[in-house]
Amino acid sequence: MTPEMFWGINSPDTISFKSSGLLFWAKPASAQRQKKSAKLIVEVLKDTRDIQKNVNFYLKSKNDYIKQEYNLLRKELATILIDINLLDSNETQLEKLTQLEVIKSTLISNDLSNTGKIDALIREDKIKATMATSLINDSATVYSIQKKLVEMASMLFLNNNLLKEIGDTQKWI
C-alpha cells in the first residue's frame, strides 16, 4: 500500500486515512501533529499485532469464560474505532470535544484492570492463572491502544487552539 493510498488527499483542506476498514477524515493539522498521529497509528498496529496471538488462541479455547473476555476486548476495540470514525460527523468543535470526553469516560469504565472481574473468575475457578495473566496483559495493551487512538483523534479532529483554551492536555489518563 502506497502512502498515497493510505493518506488519500481528497481536497486541499481535507485528509483521509484508512484504518481497519474505517475511513477517517481530518482537517490538515500541523506537520508535527501529523507526524505524532502517524507514530501513534504505527504503535497501535504494533500493539494489535502483539495481542493477536493470544486473541486467536483463546477464541479457540474450550473455556467459554476466557472466550467471552477476549470477545469483550475485541468489541471494545471495534467500538472505539466506530466512535472515533463518527467523531467527525459532529458539526462544531465543541460537539467533537464533548464526544471525545464521552469516549474517554467510557474507556476508564471499561478498563478491565480496575475491576475485580478477573479476580472473581480466578477465585471461582472459571479461568486458570495462566489465562488470567494473558488476559490482564492483553487488557492493558487494549487499554493502551484505545488511549493512543483517542490521542490521535484529538490531534486530527480537534482545533489545537480550542484544546489550549480549555487547558486539555494530551496525557489525560
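A residue counts as buried when its relative accessible area is under 20%, as exposed when that area is over 50%, and as partly exposed in between, with a 1.4 Å probe and protein chains only. By that definition, 38% of the 173 residues of the protein chain are buried. The model is predicted, so local features are taken at pLDDT of at least 70 and side-chain atom pairs at pLDDT 80 or more, while totals for chains, interfaces and linings use all residues. Residues are numbered from 1 along each chain as its sequence is written, and side-chain values use heavy atoms, with hydrogens and water left out.

The protein chain contains 7 helices and 3 strands, where helices (H or I, at least four residues) and strands (E, at least two) are DSSP runs numbered from the N terminus. Read along the sequence, these elements follow the pattern α-β-β-β-α-α-α-α-α-α.

Two packed helices are described by the angle between their axes and the distance between the axes. Helix H2, residues 31–59, and helix H6, residues 129–157, have axes that come within 9 Å and cross at roughly 155 degrees; here the axes are lines fitted to C-alpha atoms, for helices over the stretch in contact, and the angles run from 0 to 180 degrees between N-to-C directions. The crossing angle therefore makes H2 roughly antiparallel to H6, on a scale where angles under 35 degrees count as roughly parallel, over 145 as roughly antiparallel, 65 to 115 as roughly perpendicular and the rest as oblique. The crossing of H2 with H6 is left-handed, a term used if the near helix is turned anticlockwise from the far one by less than a right angle, with right-handed used if clockwise. Sorted by class, the contact of H2 with H6 has 12 nonpolar, 8 polar and 7 charged residues, where Ala, Val, Leu, Ile, Met, Phe, Trp, Tyr, Cys and Pro count as nonpolar, Asp, Glu, Lys and Arg as charged, and the others, Gly among them, as polar.

Met155, found in helix H6, counts as buried at 6%, and its C-alpha atom is separated by 9.3 Å from that of Ser30, which is 125 residues away along the chain. Ser154 also lies in helix H6 and is buried at 5% relative accessibility, and its side chain reaches the backbone oxygen of Glu151 at 2.8 Å.

The aromatic residues come next. A pair of aromatic rings is described by the distance of the centres and the angle of the planes. The structure holds 2 aromatic pairs, in which rings of Phe, Tyr and Trp (its six-membered ring) have centres within 6.5 Å, and planes under 30 degrees apart count as stacked, over 60 as edge-to-face and the rest as tilted. Phe57 and Tyr58 form an edge-to-face pair, with 5.0 Å centre to centre and 80 degrees between the planes. Tyr58 and Tyr70 have ring centres 5.2 Å apart and planes at 15 degrees, so this pair is stacked, and it links distant parts of the chain, with Tyr58 in helix H2 and Tyr70, 12 residues apart from it, in helix H3 (residues 64–87). Phe57, Tyr58 and Tyr70 form one aromatic cluster, in which Phe57 is exposed at 54% relative accessibility, whereas Tyr58 is buried at 7% and Tyr70 is buried at 0%.

Two further sites complete the tour. Leu100 lies in helix H4, residues 93–110, and is buried with a relative accessible area of 0%; its C-alpha atom is 8.0 Å from that of Ile84, 16 residues apart along the chain. Asp125, by contrast, is exposed, with a relative accessible area of 70%, and lies in the loop between helix H5 (117–123) and H6. Most residues other than glycine have a negative phi. The phi of Asp125 is near 55 degrees, a positive value in a residue other than glycine.

Notes. A polar contact is a pair of N or O atoms within 3.5 Å; within protein, one must be able to donate a hydrogen and the other to accept it, and residues adjacent in sequence count only if both atoms are side-chain atoms.
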